[in-house]
Amino acid sequence: MCDLQIRINGQHTFFLSERIMSKYSGKLGTIIKREKQRTQNRSSGIEVDDFPGGADGFEQISRFCYENGKIDITVFNVSLLHCCAMFLDISENVSSINLMHQTDSCEPILYIAEACGLIQKLICSLLAKIAQKSDIIFQSVSPSPSSSPETAIPLNCSSRKACSWWYQDMTILSPKIIEKFLKALGSHGSENSNLILTRFLLHYLQTAHCSDGGSTECSSPEYTGLADRAVYGVILIGKTSFSCRALLWVLRIASGFRLSPELRARMEKLIAGMLDQATLDDLLVSGGEDGGVYDVALVLRLIKLFFHYHNNCSIGKMKKVGTLIDKYPREVSPDPNLKISKFLGFAESLPDYARDSFDQVYRAVDIFLESHPSLSFEERSRLCRCLNCQKLSLEACKDLAKNPRIPPRIAVEALSSQPEKLDDCYENSVLNSSSRSFSGCNWYSMFLHSKVGIWNANTSMSSDTQWSVGGVEKEDAKLNLEKIQWRVMEQEKLCNEVKGQMSRMGRHHPRHSKILPRMC
């Protein structure tokens, strides 16, 4: 059944089976699906332009598909079949019987073509065509197999759009051909100071990464060399031509090709210097270590580099980065694979003078505790030590005191660290609520008692002698009653300790000594 009409290069039309052609060609399958969505499943022809080999090449591909992946491959047609297979994506990603694998033997032809000077002539023709269709300026090029910096071709372009039209066409070439193309333009080794070549290399690498899905081919030395050259060009012109978001994108693409550690370190240093321009979305880079959702280790390195090399920057820039740092932990805290050490790395990386308030840090701590319920008491205490309680707002302090996930002693320290705010709140309570009876115990002591009660309740629930709902024998009831009495005594001791602390604070603040709340 011939239900597919394909017109090749606007000249020849083929009537074929849609099922057979889509079975082997990934590109044709995609085109057919998109065309059906556009025409609402009505049969119509599709256009394929710039097909290598024209009608003859497509006829051989059709025979390959109709013969269940069998075709005679000779020295005369191996190059054509290989190019056609690359164009139509007849690869192992679509079918185990693929033409790309069968025509891999065409690789030695490149060496023969290079020895004959054919590759250099084709590159010269390519450069001439690019120069003809854009305002890129080329000098005369030598057709010799190797070129030196003295005979290299300078590349200039006034419009980015005019320069980028050939980027996609070049993506079908192998990295070896791209390497020779770059040498013809004067780029040797990893040296690259041209913006146009840098943008082209990034486009080429992105296309290779998306099409191969990070396969072993993308980690070959040829691709690694191109990645190093692209990153080298970005480092030289990064601050003037790339935003912080673009630099993070470049690092993510190049990392998929085994970027050299030296260039990675230089790239991260460049990004760290522009960290004040980043947004929260820019830093949410996926693919973290140990199965994490986000690359937290990368962001931690960027923060450390920023404070190492830019410690003397303005307070405004420092606080801008500080605001970003405080937002980031709130987003990554729900990740169950996030370690306490990584979280504390963010919370403790910022100097106190660069942070006006610790409210955002407390919110992040609360989210982390809620997302990691299996943390021990020691781990929760260690996590909460990153809070500067003196820089918590009164509302955050009151919320912390009532939070059952916060260790009680941390809550007591938070409340006792702000006597002035508590005194002002107490004065307002007395003036605005004169009818309220405090009965010798104000709201502050109630917070402390409730917190200690929560602490004891949690301890009781975690012990082996917790209460049963029914059927408890008198012996167990008596034992539990004695334990409760013991906990009440412990509660009174803790209350007396806090009372002593508040009395000593009162002596240091004589203007508030008359309105300090009674503890018990």
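Reader: Leaving aside its neighbours within four places in sequence, which residues is Phe181 in contact with?

Author: In this predicted model, Phe181 is in contact with Ile123, Leu126, Leu127, Ile130, Trp166, Met170 and Phe200. A contact here takes heavy atoms within 4.5 Å.

Reader: What makes Phe181 stand out in the largest nonpolar core?

Author: That core has 96 residues, and Phe181, Phe200, Met267 and Val365 touch the most other members. To belong to a core, a residue must be buried, with under 20% relative accessible area, and be joined to the set through side-chain atoms within 4.5 Å. Phe181 is listed in the core, so it meets both conditions.

Reader: Which residues are among those of the other core?

Author: The other core lies apart from the largest one and has 26 residues, among them Ile8, Tyr24, Ile31 and Ala85. As a general point, nonpolar side chains tend to be buried together in soluble globular proteins.

Reader: How do you know that helix 7 and helix 10 come together, and at what angle do they cross?

Author: The axes of helix 7 (residues 118–132) and helix 10 (residues 175–184) come within 10 Å and cross at roughly 65°. The crossing is right-handed. On the helix 7 side, the contact is made by Ile119, Ile123, Leu126, Leu127 and Ile130; helix 10 brings Ile177, Lys180, Phe181 and Ala184.

Reader: How many residues of that contact are nonpolar, polar or charged?

Author: Eight are nonpolar, none is polar and one is charged. Lys counts as charged, so Lys180 is the charged one.

Reader: Why is helix 22 called mostly covered?

Author: Seven of the nine residues in helix 22 (residues 408–416) are buried. They are Pro408, Ile410, Ala411, Val412, Ala414, Leu415 and Ser416. Buried means under 20% relative accessible area, so each of these falls below that cut-off.

Reader: And the whole chain: what share of the residues counts as buried?

Author: Of the 520 residues, 43% count as buried. The chain holds 25 helices and three strands.

Reader: What does Glu47 touch, not counting residues up to four places away in sequence?

Author: Glu47, found in strand 3 (residues 46–48), touches Arg7 and Gly10. Gly10 is 37 residues from Glu47 in sequence, while their C-alpha atoms are 7.2 Å apart in space.

Reader: What share of contacts between residues at least 6 apart in sequence joins residues at least 24 apart?

Author: In the protein chain, that share is 69%.

Conventions:
Residues are numbered from 1 along each chain as its sequence is written. This is a predicted model: local features need pLDDT of at least 70, side-chain atom pairs count only at pLDDT 80 or more; totals for chains, interfaces and linings use all residues. Side-chain values use heavy atoms; hydrogens and water are left out. Axes are lines fitted to C-alpha atoms, for helices over the stretch in contact, and angles run from 0 to 180 degrees between N-to-C directions. Helices (H or I, at least four residues) and strands (E, at least two) are DSSP runs, numbered from the N terminus. A crossing is left-handed if the near helix is turned anticlockwise from the far one by less than a right angle, and right-handed if clockwise. Buried means under 20% relative accessible area, exposed over 50%, partly exposed in between (1.4 Å probe, protein chains only).
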